[in-house]
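Hi everyone, thanks for making time for this. I'd like to walk you through one model today, so please have a look at the sequence and the structure first.

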Amino acid sequence: METIRTTTDPDGVVTVWFDQPGRSVNSVTRQLLSELTEVVTELERNTPRGVIFASAKTESFIVGADLFEIRAMDAQRVTQFLADGQALYSRIAKLGAPTVAAINGDCLGGGMELALACIWRVAADDGSISIGLPEVKIGILPGWGGTTRLPRLIGLRKALPLLLTGKTLPPKKA
């Protein structure tokens, strides 16, 4: 695997590390989605005591889908990419182990939706970090479960401004 590696601590907790080579940030690409699918399949087969999703990058967790890659896809590939991501994030939400998103940097779009698929989210106390679903600012709806998971987590009244305006928040407010 090129974009993801896993480690298992002595207590049986698996950490899934996102670390796309040659990039300063992690974004969701077809390759990352494919590798994450392999990892989740293994986690379903051999359920660990817990799963931590983390970034090896110091500035970001996951900044969303790779818009350049999406732009180069035809309509059929975009539809498949969205369906694959939605199915994968649903599988993560249903894993048989406790899941945590360890947010150490910007957590946007598909990164936020991954965090929402986890049972818990822990973020660094750094006001420069942005957390949210900003894709709506360019006409893209959160397609991997964010539109349903966010209102369930914080309530519809608090979720609507984030879902409709693409507003991002620092960790303490998020």
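Let me start with one side chain: Arg45 is exposed, because its relative accessible area is 57%, and exposed here means over 50%, buried under 20% and partly exposed in between, with a 1.4 Å probe and protein chains only. Before going on, a word on where this comes from: this is a predicted model, local features need pLDDT of at least 70, side-chain atom pairs count only at pLDDT 80 or more, and totals for chains, interfaces and linings use all residues. Residues are numbered from 1 along each chain as its sequence is written, and side-chain values use heavy atoms, with hydrogens and water left out.

Back to Arg45, which is found in helix 1; helices (H or I, at least four residues) and strands (E, at least two) are DSSP runs numbered from the N terminus. Between Arg45 and Thr7 there are 38 residues in sequence and 16 Å in space, C-alpha to C-alpha.

Strand 1 and strand 2 run antiparallel, joined by five bridges, and Thr8 stands opposite Val14 in strand 2. Strand 2 (residues 13-18) then pairs with strand 3 in the parallel sense over six bridges, and here Phe18 faces Ser55 in strand 3. Strand 3 also pairs with strand 5 (residues 99-103), again parallel, over four bridges; Phe53 has Ala101 as its bridge partner in strand 5. Is strand 3 mostly covered or mostly open? Strand 3 (residues 50-55) is mostly covered, with five of its six residues buried.

Now for the pockets. A pocket, on a 1 Å grid over the protein atoms alone, is an open set of points where a 1.4 Å probe fits, with protein on both sides within 12 Å along at least five of seven lines, and lining residues have an atom within 4 Å of a point.

The largest pocket has a volume of about 420 Å³, and 20 residues line it, with Met112, Ile154, Leu169, Lys173 and Ala174 nearest its centre. Helix 4 (110-117) is among the elements that supply at least two lining residues, and all eight of its eight residues are buried.

The second largest pocket comes in at about 320 Å³. A volume is the space filled by probe spheres set on the grid points, which are joined across faces, edges and corners. Its lining has 19 residues, of which Ala65, Leu67, Ile70, Glu135 and Ile140 lie nearest the centre. Helix 3 gives the largest share of that lining, three residues.

Terms used:
Two strands pair if DSSP finds at least two bridges between them.
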